[in-house]
Amino acid sequence: DTPAGPVRIGGMCKGAGMIHPNMATMLAFIATDAAIDPDLLTSILKPAVDDSFNMISVDGDSSTNDTVLFLANGASAVTVEPETELVDEFARAVGALCAHLATEIVRGGEGASKLFAVSVKGASSRAQARTIARSVTSSNLFKAAVHGSDPNWGRILCAAGYSGAEFDPDRTDVWIGPFRVFSGGVPQEYSEVDASRYLDGPESEVVIDLHTGRFEAVAWGCDLSKEYVEINADYTT
């Protein structure tokens, strides 16, 4: 509800394989009963897409066929105006909805049994944080490690290293869930059994703190399973 009355936002999407934005083989449709100028709606949708659909990966493959549509019919008679508290609230709701839809695509990816997030913090720029986060979620080696519940922090640092983003490993902390596995350039003591048990769950998180700035980003990926290989090995056009 808003001071001017209730506004509804809903969405649906599909996508299973060839998911590695910008964007991927996916379709997403969002609708609202708010009245809003198309240019303002576009200015809200683009950053929401950048932080959601453009931060997911199922298999590292992209496609030319993708769409995100946002439709507004004004049926609520509530007008979203620029530079108001309402537009900020509306934008936050759109962002949350897009993030939910995007992670559901990953959760339902081909052969996927686990969803994991990679949060990069303390980056010197947003681009640096996004690049590293997406590199780790796209790493087949780390995706396979997640599938096998292997807390292999070396594969995380490896993917961060070849991402093309510059950072200092000696200033970097790496966490797998509640376990700090790497800090100050050296591996840390932690229970591999407990970390593996953590990765057994359907959702997990990796946190990489670069300690070089104030920017951050999060990307989402899924495990790489035998089922994914079977689906795509048997696939015929």
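Biologist: What order do the strands take in the open sheet of seven strands?
Modeller: The order is β4-β12-β7-β11-β8-β9-β10, and the pairing is mixed. Strands, and helices too, are DSSP runs numbered from the N terminus (strands: E, at least two residues; helices: H or I, at least four). Two strands pair if DSSP finds at least two bridges between them.

Biologist: And which strands stand at the edges?
Modeller: β4 (56-57) and β10 (186-187) do. Each has a single partner strand, so one side of each is left without a neighbour in the sheet.

Biologist: What sort of model is this?
Modeller: This is a predicted model, in which local features need pLDDT of at least 70 and side-chain atom pairs count only at pLDDT 80 or more, while totals for chains, interfaces and linings use all residues. Residues are numbered from 1 along each chain as its sequence is written, and side-chain values use heavy atoms, with hydrogens and water left out.

Biologist: In which sense does β7 pair with β11?
Modeller: Strand β7 (residues 115-123) pairs with β11 in the parallel sense, over seven bridges. Serine 119 has valine 207 in β11 as its bridge partner.

Biologist: How many bridges join β8 to β11?
Modeller: Four, and the two strands run antiparallel. β8 covers residues 173-176. Valine 174 has isoleucine 208 in β11 as its bridge partner. β8 is also joined by four bridges to β9 (residues 179-183), again antiparallel, and aspartate 173 stands opposite serine 183 in β9.

Biologist: Which strands does helix α3 lie across?
Modeller: Helix α3 (residues 126-138) lies across β4, β7, β11 and β12 (215-222), at about 15° to β12. Helix α4 (residues 140-147) lies across β4, β7, β11 and β12 as well, but runs at about 125° to β7. Axes are lines fitted to C-alpha atoms, for helices over the stretch in contact, and angles run from 0 to 180 degrees between N-to-C directions.

Biologist: New topic. What is the order in the open sheet of three strands?
Modeller: β1-β2-β5, with mixed pairing. β1 (9-14) and β5 (66-72) are the edge strands, each pairing on one side only. Neighbouring strands there are turned by 10° against each other on average, ignoring direction.

Biologist: How do β2 and β5 pair?
Modeller: Strand β2 (residues 26-32) and β5 are parallel, over seven bridges. Phenylalanine 29, in strand β2, stands opposite leucine 69 in β5. Phenylalanine 29 is partly exposed, at 32% relative accessible area.

Biologist: Where does helix α1 lie?
Modeller: α1 (residues 38-50) lies across β2 and β5, at about 140° to β5. Helix α2 (residues 85-107) packs on the sheet too, touching β1, β2 and β5, and its direction makes about 25° with that of β1.

Biologist: Is isoleucine 44 buried or exposed?
Modeller: Isoleucine 44, in helix α1, is buried, with a relative accessible area of 8%.

Biologist: What is isoleucine 44 in contact with?
Modeller: Leaving aside neighbours within four places in sequence, isoleucine 44 is in contact with Ile36, Val87, Phe90, Ala91 and Val94. Contact means heavy atoms within 4.5 Å.

Biologist: What separates isoleucine 44 from arginine 171?
Modeller: Their C-alpha atoms are separated by 35 Å, and the residues are 127 apart along the chain.

How values were computed. Buried means under 20% relative accessible area, exposed over 50%, partly exposed in between (1.4 Å probe, protein chains only).
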